[in-house]
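Here are my notes on the charged side chains, written as numbered points so that each can be checked against the coordinates.

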Amino acid sequence: MELTQMESRQPPPVRRLTPGTTLKSWPSARQPASVPAPELGQTPAQQNGTPLVTTKRTEREIVPTIDRMHVDEVSIAYGQKLAVRSVSLPIRQGEVLALIGPSGCGKTTLLRSLNRLTELTRTASLSGRITLDGTDIATLEPTTLRRRVTMVFQQPNPFPMSIFDNIAYVLREQARRRPRKGALRPAVEDALARAGLLEEVKDNLDHPALRLSGGQQQRLCIARALAARPEVLLLDEPCSALDPQSTKVIEDLVVKLREEVAVVIVTHNLQQAFRIADHTAFMYLGELVEYGSANALFGNPRQQRTRDYISGAFG
Amino acid sequence: MDDEFLEYEEPAANQDKRAELGLGALVCLVVFVLLAMLAFVLKEAWPAFAHNGLSMFFGSGGNADQQLQTIFTAGSENHASNLFLRAWPIVWSTMLTTGGSVVFSFVCSLFVAVFMVEFAPGWLQRVLEPVIRLLASVPSVIYGLVGVLVVVPFIGNHLITQSEKASVTPVISLSGYSLLAGVVILTVMISPIMIAIFAEGLRSVPRGWLEGSLALGVNRWRTFWKIAVMSARPALVAGTVLATARALGEAVMLSMVAGTTAYAPNPFDGLIFFFEPSRGIAATILQYRDDITSPPFERTLFAFAAVLLISAVSLSLLGWAAKQPQKRHFNVGGIV
Amino acid sequence: MTSSTTPELPKPSPAPRNAGERRGPRESSSSWRLTDRLGLALAWVLGVLFCVIAVAIVVFLAVQGLRYLHPSLLWTNPKVSNTQRGSGGFLDPLLGTLIVGVISLSLAGPIGVGIAVWLVEYGRPKLLARLVESTVEMLAGTPSIVLALFGLLIFETKVTGFLSAINGGIVFGKSCFIAGIMLLFVALPYVVATVREGLQAIPNHVREASYALGKSKIATIRRVLLPSVRPSVITGSMLGFGHTIGDTTIILLLMGDTQVLQGVGHVPLLGILRGTGSTMTSYIFDNAPTGDLNHPQLAYAAAFVLLLIVLALNLIVDIFARRSRELRWS
């Protein structure tokens with residue numbers, strides 16, 4: 001496999017509650033609304049003012065926002081096929097931006113273009129402009145960019161090393177001279193603390209990372225991404241491979257992290273998006289259909305398509 | 001009437017049972033033959049071992065070639081002294097040639113495999129694969145021929161100075177048939193084996209790790225080197241071990257380019273060390289192949305063969321065992 | 001943020017890019033550290049070096065070979081002579097190569113397929129399967145000189161005397177037959193490995209479909225699996241064949257090393273097979289400066305022909321491998 005020939009990943013299909021899952025494992029506040037399945041094109045219970053999602057938003061403080069990245073009229077094509085059409089979005093530190101939409105709508109492609117991972121696919125081409133703190137990211141070295149904009153993937157992928165080495169990996173590669181282990185320890189522990197994992201692994205830093213549970217591995221990946229001290233953190237459906245307990249932990253973590261980094265999260269789980277997002281962008285077939293604050297978009301979407309998607313009419 | 005047209009098919013169970021027994025018997029036969037080979041070679045070699053002990057290989061004293069001559073002319077093994085042999089020069093030559101070529105080949109093969117899998121432009125990648133396959137399939141006698149007609153004269157005429165030749169004339173003659181020629185050509189011969197196995201291992205690294213490393217801002221070279229090479233370690237071990245087994249058994253090429261005297265190259269001779277002749281175990285057996293009619297000589301040659309067989313077998317088994325964990329290693333914790 | 005605020009979409013920046021396709025600068029090695037760049041340079045150098053070596057060998061042999069290769073060499077028998085011109089050609093060695101190749105292949109083919117089938121389709125008891133696997137691996141790593149010595153051991157007995165000449169009660173122990181039989185062990189691991197891979201690539205539902213029709217296992221194997229694994233059999237056989245004709249030590253020790261194929265007895269074909277001879281590889285070995293005859297020109301010519309044969313075999317294997325890759329089991 002060559003890195004330069006990796007095809008774009010197809011986003012996984014939307015997950016439904018499988019028959020075997022017991023609702024007992026879901027805290028009651030998170031049960032999806034029992035709205036009768038609407039026919040396509042019809043407005044559902046919405047008309048009498050009931051909100052479309054009934055889960056509660058995670059508690060949070062209001063923090064000042066700082067503009068970090070700007071996406072300007074960006075279109076991305078793989079060969080002849082347009083995956084993203086002319087999307088413009090702001091990305092700010094202090095808030096969580098959720099990208100939602102059905103499979104194949106281009107949200108993952110857009111996310112990957114933010115740290116230029118789309119370039120790994122030879123047939124990919126991009127028009128438009130993405131800026132980071134005012135600089136066009138196309139003019140930056142990819143390695144520099146990817147340290148300032150780090151990414152956490154859907155499948156936890158800790159390296160086959162110890163926990164310590166996983167976090168220290170980035171620090172060792174960034175440094176001019178190979179730092180001693182003792183010098184790295186504070187930074188490693190700080191990253192683990194910011195990811196909420198330190199307490200659980202404090203005494204076992206030299207154990208292999210692959211022995212952790214799925215949720216712990218994903219938090220390790222988040223810690224690893226944070227160790228690079230990025231300005232923007234990209235999360236590509238980070239909880240889709242995890243159990244609900246781990247999901248909750250990571251969601252709380254993401255809300256807390258938004259104070260230090262700008263967070264962009266792609267998710268197909270609408271309840272999750274509502275819980276954690278400050279702003280939400282709904283994409284469909286590559287277009288940005290609607291963008292707004294989470295309350296506005298979920299409570300009172302202005303576009304019919306958004307309404308249909310959120311009420312479960314398609315996707 | 002219809003019965004004539006119906007094919008009588010034996011009940012499936014009977015067919016299968018016979019087939020399984022038949023194939024099983026075949027398989028057992030082959031295993032038996034090969035284990036018998038091991039046993040027979042060791043049995044034939046035993047008298048020589050018994051007489052000389054380990055110092056047959058690791059002790060030195062006297063000229064090994066002369067000792068071999070004595071063994072040959074002795075004609076019978078009634079006298080224990082007929083089997084006397086101190087073959088350290090031969091063993092040392094084998095160790096040098098094998099060790100040297102494996103070390104050089106490992107480095108070259110690793111870089112070429114990394115290059116081939118990841119960093120070569122497409123057209124070069126498509127060229128390299130058949131090239132490596134070609135190098136792997138050239139018969140060793142052709143390597144030997146090219147070696148003796150090109151490499152040996154080059155070394156003899158251009159690399160060794162006259163004064164160097166003069167300085168060793170009483171003992172040996174430096175004519176280009178040398179350790180250097182043997183190691184260089186052997187490196188080229190065993191590299192394709194390593195490259196093929198390394199490349200296979202490198203290609204099967206889970207892409208999640210490579211993508212994850214790139215997404216942290218580590219550049220392609222370091223990503224590939226640190227992550228891919230590290231996780232392809234089983235393949236590295238397997239390739240090295242199998243190439244070593246191949247290098248150990250090489251007789252034809254080495255007998256054509258590395259000289260025909262049993263001499264232990266001396267590292268303390270400085271540069272001359274590389275130009276000294278070195279005839280290894282396999283080449284020795286080949287050289288004396290016609291003298292096998294004399295029983296004590298036969299025992300001695302089989303002793304050499306036993307050494308080769310045991311080393312090669314152990315290495316092959318090691319290589320096979322090293323290839324096994326590759327699948328297990330990656331299916332932990334939900335990766336891939 | 002309440003629902004009454006209008007969503008804030010950013011205005012397009014004042015200097016929009018043109019709408020054409022544009023790629024950003026790819027990651028170039030100029031941003032890397034010096035050691036990284038040196039490493040990449042070394043990788044380039046070595047990669048190109050191997051290509052150069054391969055080309056050099058082929059070109060060198062082609063040049064020298066064509067210089068000394070007269071077509072008559074291909075169909076003249078070798079003669080004993082002091083001069084190179086008078087030494088005749090290498091018809092007998094060519095025939096010898098063909099003979100031992102065919103003998104070893106006709107044995108290694110069926111045996112190899114049988115072992116591969118047993119390993120993949122049966123493989124019980126587990127211990128025996130592991131033993132077989134490791135034995136075949138062991139065989140792959142055994143130096144051919146050890147195989148040759150073993151051949152000397154077992155074929156000099158009276159029991160196997162029919163395979164070679166018997167002079168006054170003493171079994172000679174060296175013949176085309178014997179060389180071919182020992183060469184079977186050289187080819188066997190390649191056949192087993194390739195056919196095994198081919199069989200393992202066939203998905204289970206194919207087998208299940210056949211069983212569901214009431215076919216026995218062996219009938220399934222014979223009628224369904226083996227035909228579809230034919231490319232692998234051919235590839236493996238060609239690989240094994242290639243290594244067989246490239247082997248020298250077994251030939252030198254077990255084929256009697258006579259330049260001309262000398263038959264034994266009066267039966268026409270069997271006589272030759274029981275007799276001694278040589279192959280291209282031993283011919284090259286003997287004619288090289290280090291060999292007994294020291295006729296380098298003939299060695300060049302023979303080496304060129306042998307290389308062509310090997311290259312042709314490689315090409316055939318390539319084509320078949322590519323074809324079997326195109327056969328996808330969906």
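The points below follow one group of charged residues through the chain.

1. Please keep in mind throughout that this is a predicted model. Over all chains the structure holds 31 salt bridges, and this note concerns the network of salt bridges in which Arg68(A), Asp133(A), Arg148(A) and Glu231(A) are linked.

2. The side chains of Arg68(A) and Asp133(A) form a salt bridge, with an N to O distance of 3.2 Å. Arg68(A) belongs to strand β1 (residues 66–78), whereas Asp133(A) sits in the loop between β4 (124–132) and β5 (135–136), so that this pair links distant parts of the chain, 65 residues apart.

3. Asp133(A) also meets the side chain of Arg148(A) in a salt bridge, here at 3.3 Å from N to O. Arg148(A) lies in helix α2 (residues 142–148), and the two residues are 15 residues apart.

4. Arg148(A) in turn forms a salt bridge with Glu231(A), the closest N and O atoms being 2.9 Å apart. Because Glu231(A) lies in the loop between α6 (214–227) and β7 (232–236) while Arg148(A) is in helix α2, this pair ties together parts that are 83 residues apart in sequence.

5. Which of these residues are buried, and which are partly exposed? Arg68(A) is buried, with a relative accessible area of 17%, and Glu231(A) likewise counts as buried at 18%, because buried means under 20%. Asp133(A), by contrast, counts as partly exposed at 35% relative accessibility, and Arg148(A) is also partly exposed, at 22%.

Terms used
Residues are numbered from 1 along each chain as its sequence is written. Chains are lettered from A and ligands numbered from 1 in the order in which they are written. This is a predicted model: local features need pLDDT of at least 70, side-chain atom pairs count only at pLDDT 80 or more; totals for chains, interfaces and linings use all residues. Side-chain values use heavy atoms; hydrogens and water are left out. A salt bridge is a side-chain nitrogen of Lys or Arg within 4 Å of a carboxyl oxygen of Asp or Glu. Helices (H or I, at least four residues) and strands (E, at least two) are DSSP runs, numbered from the N terminus. Buried means under 20% relative accessible area, exposed over 50%, partly exposed in between (1.4 Å probe, protein chains only).
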